[in-house]
Amino acid sequence: MKTIFNIPKNLTPDSYLLVKKSRPLFGEISVGGAKNMVTKVMAAFLASDGGECLIRNAPFIGEVANILANYEQLGVKYSFFPDRTLKVNFKNLKDFNLGDENTIGSRISILMAGPILKHFGQAVIKTPGGCKIGKRKIDFHLQGLKNFGVEIKEDGKFLRMKVKKGGLKGIKFKLPFPSVGATENMIITAACAKGETVISNCAMEPEIMGLIKILQRAGVSIIVNSDREITINSSENLNFKDVTIIPDRVEILSWASAALATKGDIFVKNAYQDHIVTPLGILEKMGAGIEINHDGIRFYYKGELKPTNVRTEIYPGFATDFGQPFAMVLSQIKGKSTMHETIFDNRLGYLETLNSVVKKNKFVLKNNCPVNDPCRFKNKGYRHLAEITGPVEFGKGEVEIQDLRAGFALIIAGLLSDGLKIKYLDLLFRGYENPISKLKSLGADVELVNG
Ligand code: EPZ
């Protein structure tokens, strides 16, 4: 694979980040482009009928590197420049196979099905993996693709797909839950199909709107109706132009959490207010310092914060991805807070991991929901409610990252601890650009130890 900048090389399973109690983080960092937009745009681009596309503000993260590896396998030519512009040329897709042992079965590979099927009538895709935050089924994706006219054989490792005679045909499909990935998959596949597609009960995350915008600019007719319904009519020829990736809202809120948990003061350059209105409101109500400027947002500790009960929800609610770093803020607030996770059935496992190094006030995980809460996980036995009684005191020890956002939460815990060795860093670099140098520039005591 060609160079992707700023991702440490030679990480081994023994590499770790040593994070020690630090002074309050202070200073300015820049937020990167949104992982969950750039990767979807890269998948959609495969539907191109030729020509060159430009992605600006593409972050230097592992997940982009994974997709570039997929591009190489498919024969797509690209150049990735130091100013974060990714130039891609789709003249000759040469393979329909994303399924050999060496390819990475990320969540994005299944979004490439529609475009590959459009060009080749068949596709082999490794069954998606992704962060360990719950069952992460793909039944909505598979049902939708079947409705478009795709025959799918699954053997546990690979999905082997073939388009039935007549090609991909527009569908009417109601998603059982507003899944982000399934909504995106249906939109991308509809852009590759003949006729009209109407998808209802869609997710509406800002990254999905970003995807819709670039498809519209490529000639696809898309109407976002009321009640989470999206209507798509493709065009004969898809010619993508250039696109600028929006700032990563989860990264913005990760740094906000680091500032508040360490009682510090961080200016997140290029942060947008638009996509984080709900969490900003909650932070403000808790007593956090927030200053919204034209070129970024300052998050700062201005005095004791109030305990808070948070419920993660689909957009525009409080994002599940923010829940993990934010729990570290709650851990430092005097009194009892709760975090109720309603999107993924096993997203709170990292708190159990952290309990192994907690000296005082362990996190308590429960499988019940708050009274009268219409939670879809009610009575299912999932440990999806955390009671957090602060201030939690972190001792020293070794912890393993299980998923990307939990990785950032472990780092914040490390900044408040007697010393944490944090392992499985590739999961962190999958979605955060330059986290170590950013942390160091803010005064964090962190050191990468290559085992
Ligand atoms: C996306 O995952 C993001 N990943 C996640 O971010 C994010 O947490 C999540 O959306 C929710 O916002 C990417 O965009 C790559 P879903 P996705 O389909 O699309 C169930 C990060 O750290 N479901 O919206 O996989 C599913 O199990 C990552 O950046 C089915 O049952 O999430 C879950 O309970 C982590 N069947 C719920 O829907 C399906 O076929 C929502 O999942 C699909 C989903």
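How many salt bridges are there between domain 1 and domain 2? The count is 3, where a salt bridge is a side-chain nitrogen of Lys or Arg within 4 Å of a carboxyl oxygen of Asp or Glu.

Good morning. Before the details, some remarks on the source. What you have before you is a predicted model, in which local features need pLDDT of at least 70 and side-chain atom pairs count only at pLDDT 80 or more, while totals for chains, interfaces and linings use all residues. Residues are numbered from 1 along each chain as its sequence is written, and side-chain values use heavy atoms, with hydrogens and water left out.

I begin with the two domains. Domain 1 consists of residues 3-32 + 247-449, and domain 2 of residues 35-244; such bounds come from an automatic or database domain assignment. Taken over C-alpha atoms, the centres of domain 1 and domain 2 are separated by 29 Å.

Let us turn to the interface. Here 28 residues of domain 1 are in contact with 28 residues of domain 2, contact meaning heavy atoms within 4.5 Å. The size of an interface is often given as the accessible area lost when the parts come together. Domain 1 and domain 2 bury about 2,500 Å² between them, and 57% of that area is on carbon and sulfur atoms. Buried area is here the accessible area (1.4 Å probe) that two parts lose on being put together, summed over both.

Next, one residue in its surroundings. Ser257 is found in helix H7, residues 249-261. Helices (H or I, at least four residues) and strands (E, at least two) are DSSP runs, numbered from the N terminus. Is Ser257 buried or exposed? With a relative accessible area of 1%, Ser257 is buried. The term buried means under 20% relative accessible area, exposed means over 50%, and partly exposed lies in between (1.4 Å probe, protein chains only). The side chain of Ser257 reaches the backbone oxygen of Leu253 at 2.9 Å. Leaving aside neighbours within four places in sequence, Ser257 is in contact with Phe322, Pro325, Phe326, Val329 and Ile412.

I now come to the backbone. Two peptide bonds deserve mention. Tyr315 and Pro316 are joined by a cis peptide bond, with omega about 15°, and Pro316 is found in the loop between strand S18 (309-311) and helix H9 (320-330). The bond from Gly390 to Pro391 is cis, with omega near -5°; Pro391 has its place in the loop between strand S22 (385-390) and strand S23 (393-394).

Asn361 is in the loop between strand S20 (358-360) and strand S21 (364-366). Tyr424, which is not a glycine, has a positive phi of about 65° and lies in the loop between strand S25 (419-423) and helix H12 (426-429). Asn361 is partly exposed, at a relative accessible area of 26%, and Tyr424 is partly exposed at 35%.

Finally, I return to charged pairs. The whole structure holds 23 salt bridges. Glu291 forms one with Arg298, the closest N and O atoms being 2.9 Å apart. The side chains of Lys334 and Glu304 meet in a salt bridge at 4.0 Å, N to O. Lys334 lies in the loop between H9 and strand S19 (335-340) and Glu304 in the loop between strand S17 (296-300) and S18, so this pair ties together parts that are 30 residues apart in sequence. Both Lys334 and Glu304 are exposed. Asp14, Glu398 and Lys423 are linked in a network of salt bridges.

Thank you for your attention.

Technical notes
A polar contact is a pair of N or O atoms within 3.5 Å; within protein, one must be able to donate a hydrogen and the other to accept it, and residues adjacent in sequence count only if both atoms are side-chain atoms.
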